[in-house]
Amino acid sequence: QVQLVESGGGSVQAGGSLRVSCAASGFTSSTYYMGWFRQAPGKEREGVAAIWPGGGITFYADSVKGRFTISQDNAKKTLYLQMNNLKPEDTAMYYCAAGSRLAYGPTPILLHQSLYNYWGQGTQVTVSS
């Protein structure tokens, strides 16, 4: 049974940092591409960052480039999102996801949620001004 469990969310002031984690089980994480998505109240879920299997190629939404870093530890089966210089507009529920629907890549379309098979329950990140 595939499970993705996020942790590490919390409240921080603008300019601060947080690292959220996603523990994966039930599948071979090194063969799936992985992504982080977020959804703020009243808004659609959007792709934040994605990583192609092997960890060498990553993609980011323009709004987080230079501030967020996605990485994974295959030995620990854990996906990370390091978030620096956080802004109030980063406030959202953050979800990790794993996908295998895309037959080719890497490609920036990995930021599209429709390409992902499995989702975690989310972890809340709140940034105050």
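Modeller: Here it is, and we can go from the overall fold down to single residues. Keep in mind that this is a predicted model.

Colleague: Fine. How many helices and strands does the protein have?

Modeller: There are 0 helices and 11 strands. Read from the N terminus, the order of elements is β-β-β-β-β-β-β-β-β-β-β.

Colleague: And why call it as compact as a globular protein of that length?

Modeller: The radius of gyration is 14 Å and the globule rule gives 14 Å for 129 residues, so the protein is as compact as a globular protein of that length. The C-alpha trace spans about 40 × 25 × 25 Å along the principal axes.

Colleague: What share of the residues counts as buried?

Modeller: 44% of the 129 residues.

Colleague: What about contacts between residues 24 or more positions apart?

Modeller: Those pairs make up 60% of the contacts with a separation of 6 or more.

Colleague: Now the inside. Which residues touch the most other members of the largest nonpolar core?

Modeller: W36, L81, M83 and Y94, in a core of 29 residues. Several strands give two or more residues to this core, including β3 (18–25), β4 (33–39), β8 (78–83) and β9 (92–99). The list also holds β5 (46–51), β7 (68–73) and β11 (123–128). A separate core has 11 residues, with A50, L102, L110 and L115 among them.

Colleague: Where is S21, and is S21 buried or exposed?

Modeller: S21 sits in strand β3. Its relative accessibility is 14%, and buried means under 20%, so S21 counts as buried.

Colleague: What does S21 touch, not counting residues up to four places away in sequence?

Modeller: On one side of the list are V5, E6 and S7, and the others are W36, T78, L79 and Y80. W36 is also one of the residues with the most partners in the largest nonpolar core.

Colleague: Changing topic to the backbone. Which residues does the cis peptide bond join?

Modeller: G105 and P106, with omega at about 0°. G105 belongs to the loop between β9 and β10 (118–119), and P106 is also placed in the loop between β9 and β10.

Colleague: How accessible is G105?

Modeller: G105 is partly exposed, at 37% relative accessible area. Between the C-alpha atoms of G105 and Y33 there are 9.5 Å, although the two are 72 residues apart in sequence.

Colleague: And T107, buried or exposed?

Modeller: T107 is buried, with a relative accessible area of 13%. T107 lies in the loop between β9 and β10 as well. Neighbours within four places in sequence aside, T107 is in contact with F59 and L102. L102 is among the residues of the core of 11.

Colleague: Where is G56?

Modeller: G56 is in the loop between β5 and β6 (58–60). G56 is exposed, with a relative accessible area of 66%. From G56 to P88 the C-alpha distance is 30 Å, for 32 residues in sequence.

Colleague: Last one, on charges. How far apart are the mean positions of the positive and negative charges?

Modeller: They are 5 Å apart, for 10 positive and 7 negative charges.

Key:
Residues numbered from 1 in each chain as written. Predicted model: local features only at pLDDT ≥ 70, side-chain atom pairs only at ≥ 80, totals over all residues. Heavy atoms only, no water. Helix = DSSP H or I, 4+ residues; strand = E, 2+ residues; numbered from the N terminus. Rg over C-alpha atoms; globule rule 2.2 N^0.38 Å. Buried < 20%, exposed > 50% of the residue type's maximum accessible area, 1.4 Å probe, protein only. Contact = heavy atoms within 4.5 Å. Lys, Arg positive; Asp, Glu negative; His and termini not counted. Charge placed at Lys NZ, Arg CZ, Asp CG, Glu CD. Core = buried A, V, L, I, M, F, W, Y, C linked by side-chain atoms within 4.5 Å.
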